[in-house]
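Please look at the structure first.

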Amino acid sequence: MADTGNSEAIAEAFADGPAYVPYLVVGDPDYESSKAYVEALDRGGADVIELGLPFSEPIAEGSTIQEALVRSLDAGMTPDRFFAFAEELDVDAALVCMTYYNLIYQYGDSEARSASDASGETASAGPRPFVERAAAAGIEGLVVPDLPAEEADPLREACDEFGLDLVFIVAPTTRADRLDRLMERVSGYVYVQARLGTTGARDDVSDQTTQSLDRLREYDVPKAVGFGISAGEHAERIVAGGADGIIVGSALVDIVAEGVEDDLSTAEIADRLEALSRELKEGAERGYAARVEPAESR
Amino acid sequence: MSETESSTSEVGELSRRPGRERGRDDGKFGRYGGQYVPEALMPAIEELTDAYERYVLDNEDGFMDEFRERLADFGGRPTPLQRADRLSERYDTEVYLKREDLLHGGAHKLNNALGQVLLAKYMGKERIIAETGAGQHGTATAMAAAHLDMPCTIYMGERDINRQRPNVFRMKLNGSEVKPVTTGRGTLKEAISETMRDWAETVEDTHYVIGSIVGPHPFPVMVRDFQAVISEEAREQSIEKTGGLPTDVVACAGGGSNTMGAFADFVDDESVDLHAVEAGGSTLEVDEEAGVAPNSASLYAGDEGVLHGARTKLLQDSDGQIMESHSISSGLDYAGVGPELAYLVDEGRVSPVAVDDDAALEGFHRLSSTEGIIPALETAHAFGFLEEHHEDLGERVVVNVSGRGDKDLDAAIEETDQRDIDEAPDMSMFTGGI
């Protein structure tokens, strides 16, 4: 249910019109320029920004994002620096952290662990310290691609305690019984994976998207479609097809990667990110208008 | 495939033996295990779980009968349990060797690869993918895929490809495609991530043959069940040859498939001590700054976390980033370990021990020169353990010789040349550029 979301900021982002939800890897290629890039997404019209916190074994990512994660790690990104980054950002969009479960699970656990080493037992505080710290840093929600609904209850509880939303990914292959399990635990928005595979920009938008949206119609949580969106017309088509938002990652990460490759200035890369953001946001709005107007004129 | 719907043959019963119930119901071993995978893969592992229960546990369509028959005819099972005369004398205890090095391909890996490729066939899959580090699992999978006429793609880190050229050639000879993985540091963990990516796009017609008792459920229980033939035979052979159970079973442990295979049927025999020998590398000290653990001792020195689909013991830094592991034997070089072993260690049923590179290399030379068996460098760790701890062991010790060492000769020459080892021949003639 949409109104069971914990974060008001995320609910508002989806309240009127389609939400543009861009993703970038924090710290790619370095801390300061990455801040300029995220702020450019905000100027370009982002409603929610997914901030990638890099994990060393990102099994759900395609090569574009994986390489960005490696650049960020090589430049020294850590969970604590990530939270400092979120605190320093000057943006209007709601912030969501996308990362892998081991980083969430281990956070703030080093004291417990060194104590446990002596006793020979493991005593983990679980996901709670991470969520508490994320909330303090102004993070409104979490996406954890390697955490299935079956293992998510401790994180769900921590998110409820600290007012964060927990976003789940629905794949084209997700079966009906699993869909129910996911939708019982999701809040904020559901991340609709447009097609099979890992993240990565593609030229065409799969018709698996339409099928997925149809299956989700009965659930009253905003549906944001991701995987493969790289241009305004994709955004338009997907929103016209019923999506409440679009998630764009690899196409933006590509701009950063190419900029680094071509030795562009931070300002030039930021301009490109802002321009593509604007195109995507406008595309989404056109798609929304196309969907709403015929209905209203009826 | 046979016409029978289900079979209650003796072979089918074998997979229902005691000692193999852990993890079957829900994929959990105490706090370890689980299914930490991207949503897109969940349907595939649910389908695999269903197939595992039907074909492996219930012997539907006579799957287990065909598996055992192929292990015998193609693989050469059963492998012998051989008394090691010189080592028995040296340690003043009965030392028996479970000769998995004599299995087709020269290592225990075929037990699992053949089981999974055959299962994929029963499931109607049309394509096999697998990851490989040193190339042992890759070569076993390529052999099994050729044997069962399945197209096969093996992902292998670029750095590993350069280090293991003969194995790459073997895979290609068997008709497999070898795809180099260039991301990250180009070793096993990148290859695993890359294989998972392939699987995420191709789940509908492709089976991913994981090489150890790691990954999401049902892989840890399924790989254990395929490898458990090692302990099943060893247990019967021990009773037959010596009139009783061994006092100790010793096996090296990386991901842990030969380990769990050698332990499985002994876990319920409380009189039998189980020793998992990990790669202590150059030191157990960790370089947190560089993210490097110069060892692969995740049972001995790691702590709990989530990697590659399962909660288990890992080598990780305080943030939870996975460390670069190291071992003289690339087959043990992995930052995680099977969740079942993590559980059995916590329960006190399995004792983890770390043996460093030096002791392993000495073990390699000792077995080669005294028993006429050149072991894999992985296996050599178990013999390093025997030398260091034989006084703590009982009167009848079974060591799992998980693989033969032909693949390691180049590494052995290079590493031996840097050390002063008693039993070792002079290596200078091999390093002088001949």
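## Strands, helices and the chain contact

In chain A, strand S7 (residues 190-193) and strand S8 (residues 223-226) pair in the parallel sense over 4 bridges. The model is predicted: local features need pLDDT of at least 70 and side-chain atom pairs count only at pLDDT 80 or more, while totals for chains, interfaces and linings use all residues. Residues are numbered from 1 along each chain as its sequence is written, and chains are lettered from A and ligands numbered from 1 in the order in which they are written. Helices (H or I, at least four residues) and strands (E, at least two) are DSSP runs, numbered from the N terminus; two strands pair if DSSP finds at least two bridges between them.

Strand S8(A) also pairs with strand S9 (residues 245-248) of chain A, again in the parallel sense, over 2 bridges.

| Residue | Opposite residue | Strand of the opposite residue |
|---|---|---|
| Gln193(A) | Gly226(A) | S8(A) |
| Val225(A) | Ile246(A) | S9(A) |

A residue is buried if 20 or more other C-beta atoms lie within 10 Å of its own, exposed if 12 or fewer, and partly exposed in between, with C-beta atoms placed from the backbone.

These strands belong to an open sheet of 9 strands in chain A, with parallel pairing and the order S5-S4-S3-S2-S1-S9-S8-S7-S6. Strand S5 (165-167) and strand S6 (169-170) of chain A are the edge strands, each pairing on one side only.

Helix H10 (residues 208-216) of chain A has the buried residues Thr209(A), Ser212(A) and Leu216(A). They cover an arc of only 65° around the axis, so they are on the same side of H10(A); the arc is that of the directions from the helix axis to the C-beta atoms. The buried residues of H10(A) pack against S6, S7, S8 and helix H11 (232-240) of chain A. Exposed residues Gln211(A) and Asp214(A) are carried by the face of H10(A) turned away from its buried side.

In chain B, 5 bridges join strand S5 (residues 127-132) to strand S6(B), and the two run parallel. Strand S6 (residues 152-157) of chain B has 6 of its 6 residues buried, so it is largely enclosed by the rest of the structure. On one side of S6(B) are Cys152(B), Ile154(B) and Met156(B), and on the other Thr153(B), Tyr155(B) and Gly157(B).

Helix H15 (residues 357-371) and helix H16 (residues 377-389) of chain B pack at an angle of about 95°, with their axes 7 Å apart. Axes are lines fitted to C-alpha atoms, for helices over the stretch in contact, and angles run from 0 to 180 degrees between N-to-C directions. H15(B) is therefore roughly perpendicular to H16(B), a term for angles of 65 to 115 degrees.

The contact between the chains takes 39 residues from chain A and 30 residues from chain B, two residues being in contact if their C-beta atoms, placed from the backbone, lie within 7 Å. On the side of chain A that touches chain B, H5(A) gives the most, with 5 residues.

Technical notes:
Angles under 35 degrees count as roughly parallel, over 145 as roughly antiparallel, 65 to 115 as roughly perpendicular and the rest as oblique.
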